[in-house]
Structure formats: structure tokens, C-alpha cells
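These are my notebook entries on a single chain.

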Amino acid sequence: MRRFSAVLTMLLCLLCACSSGKGTDDVQAAMDFRADLLSAGGCAFQSECTADWGDTVFSCTLDGALDPEGGGRVTVLAPESVAGISATLNGGEGTLEYQDVALGLSPLPGSIAPIQLPGVFVQAWAQGWIAGAGRDTDALCVQYELGYGPEKLTIYTWFDENAHPLRGELYYDDHMGAAVTLTDFTLAPGGTNETVETDLGQRVPGQSEP
């Protein structure tokens with residue numbers, strides 16, 4: 001996986017720097033998706049997530065509705081043993097809820113709680129630095145860099161022809177910490193959302209409920 005990441009990163013950089021306008025078009029497509037996400041004030045989707053801590057692998061199915069800062073609500077649909085557990089997320093932190101019990105979540109990164117993954121991906125789409133973009137077979141692949149304290153997350157997302165995210169991978173310390181497959185993606189039905197710093201790097205969205 002480490003080799004795949006390095007090869008893909010190199011490919012994306014070459015596409016953006018050397019192609020005759022195509023790389024620029026791909027970056028613009030990523031920026032257009034960001035603008036749509038910010039304008040809508042958030043999105044909703046289901047995701048099949050697999051988190052890898054090296055000695056432990058955990059898979060789950062999640063349903064989430066999130067704002068551009070990665071805040072919102074995520075509910076576990078599977079496995080059945082933990083189905084119904086929800087998390088209220090606020091950036092890299094949040095609270096787990098089950099019936100009348102609330103438990104804290106560990107901060108990102110390092111020990112990434114799988115239920116936090118949808119919020120991390122949305123935050124990368126809305127705020128992360130767009131480090132590269134290029135075509136991988138028929139899908140657009142975008143590389144985002146997202147900082148959490150002293151560490152940096154690298155997040156790849158593949159988009160279909162409708163600019164809907166299909167799948168993604170999250171890396172930290174050259175380790176693929178998680179992979180997700182997304183379905184039923186929809187933008188929120190609009191909202192009052194303001195942005196500043198409209199360059200290719202960081203956008204700071206205003207608060208808006210999905």
C-alpha cells in the first residue's frame with residue numbers, strides 16, 4: 001500500500017504539472033465540488049469503512065449527515081453488535097451516544113475511531129489542501145492534505161462523472177489507516193454559507209446545519 005501511495009502521488013503530480021491543461025481541469029473539478037459542498041452547507045451519505053491499526057482491523061457501515069467542518073451526526077448501521085450507536089461530531093472530537101449513555105471519542109489522528117471517518121473526509125473535501133488531481137481509469141482521483149496538530153493526514157478520494165465521491169483512503173505516517181466506500185451521496189438542500197480564503201488550500205466555512 002505504501003508503494004501504491006507513492007506511485008499514485010507521483011502520477012497525480014505529473015498530471016497536474018505536465019499535462020496540456022488536463023491537470024488544471026481536474027483540479028478545477030475538485031474546486032467545483034468544494035464550492036458546491038460549501039454552498040449547500042454539508043452533505044449526507046452512507047459509507048462502508050475499514051480502519052486498520054496494524055494489529056487490528058475493524059469494518060463497519062455508517063450513515064452520516066455532516067457540515068463542511070466535519071461536524072454533524074453519524075450512526076452505525078453495521079455490524080449488528082454495535083448498530084444504533086451514534087456520534088455527534090465536532091471536527092476531530094465528538095461524543096458517542098447509545099440510549100442514555102454518552103462516551104467521549106479519542107482525538108484524531110493515530111487512534112482514529114471508525115465512526116469519525118465520514119467527518120474527516122468531509123472536512124478534507126471542504127478545507128484540505130488540494131495537493132493533486134488526475135484520472136485513475138474513469139474516475140477522478142483527488143489528493144488532499146489535512147493537518148491535525150503536529151501530524152498530517154493524506155486523503156485520496158475518487159469521484160464519479162457526476163462529481164459524487166465513490167471511495168477514499170486515509171494515510172498517516174505512510175500507513176493506510178482507513179479505506180471507505182461511499183453510497184447514496186447527496187448535498188444538503190442549501191443553506192447560508194460564507195467562505196473566506198478562496199485559494200486552492202484552506203477554505204474556512206461558516207456554520208450551517210446539513
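**Entry 1: strand pairing.** I began with E48, which stands opposite T181 in β11. The strands here are DSSP runs (E, at least two residues), as helices are (H or I, at least four), numbered from the N terminus. I noted that the model is predicted, that local features need pLDDT of at least 70 and side-chain atom pairs pLDDT 80 or more, while totals for chains, interfaces and linings use all residues. Residues are numbered from 1 along each chain as its sequence is written, and side-chain values use heavy atoms, with hydrogens and water left out.

I then looked up how β11 is joined to β1 (residues 43–52): the two run antiparallel and share 8 bridges. Strands count as paired if DSSP finds at least two bridges between them. β11 also runs antiparallel to β10 (residues 165–172), with 6 bridges. Within that pairing I recorded Y171 opposite M176, and R167 with T181 as its bridge partner. β10 and β11 form a hairpin with 2 residues between them, and D173 in the turn has a positive phi of about 50°.

I checked burial for β10: 6 of its 8 residues are buried, so the strand is largely enclosed by the rest of the structure. Buried means under 20% relative accessible area, exposed over 50%, and partly exposed in between (1.4 Å probe, protein chains only).

**Entry 2: the nonpolar cores.** Which residues touch the most other members of the largest nonpolar core? I found F45, W125, V142, Y144, I155 and L170, in a core of 41 residues. Helix α3 (residues 117–127) supplies the largest share of this core, 7 residues. A core here is a set of buried Ala, Val, Leu, Ile, Met, Phe, Trp, Tyr and Cys residues joined through side-chain atoms within 4.5 Å. A second, separate core has 6 residues, including A139, C141, Y156 and W158. As general background, nonpolar side chains tend to be buried together in soluble globular proteins.

I looked at α3 itself next. Of its 11 residues, 11 are buried, so the helix is largely enclosed by the rest of the structure. Among the buried residues are G119, Q123 and Q127.

**Entry 3: W125 and the aromatic residues.** W125 is buried, with a relative accessible area of 0%. Leaving aside neighbours within four places in sequence, I listed its contacts (heavy atoms within 4.5 Å): F33, R34, L37, C43, F45, Y144, T157, F159, P165, L182 and F185.

I counted 9 aromatic pairs in the structure. The rings of W125 and F185 have centres 6.2 Å apart and planes at 75°, so the pair is edge-to-face. This pair links distant parts of the chain, with W125 in helix α3 and F185 in strand β11 (residues 175–187), 60 residues apart. For such pairs, the rings of Phe, Tyr and Trp (its six-membered ring) must have centres within 6.5 Å; planes under 30 degrees apart are stacked, over 60 edge-to-face, and the rest tilted. F185 counts as buried at 8% relative accessibility. One aromatic cluster is formed by F33, F45, F121, W125, F159 and F185.

I also looked up W158. The charged end of R167 sits over its ring, 3.9 Å from the centre. The criterion is NZ of Lys or CZ of Arg within 6 Å of the ring centre and within 35 degrees of the ring normal.

Entry 4: A polar contact of 2.9 Å joins its side chain to that of E145. Such a contact is a pair of N or O atoms within 3.5 Å; within protein, one must be able to donate a hydrogen and the other to accept it, and residues adjacent in sequence count only if both atoms are side-chain atoms. Beyond four places in sequence, T154 touches Q143, Y144, E145, E169, L170 and Y171.

T75 lies in strand β3 (residues 72–78) and is partly exposed, at 23% relative accessible area. Its side chain makes a polar contact with the side chain of S86 (2.9 Å). T75 and L62 are 13 residues apart in sequence and 5.7 Å apart in space, C-alpha to C-alpha.

Last, I looked up R135 in strand β7 (residues 129–136). R135 counts as partly exposed at 37% relative accessibility, and its side chain makes a polar contact with the side chain of D26 (3.2 Å).
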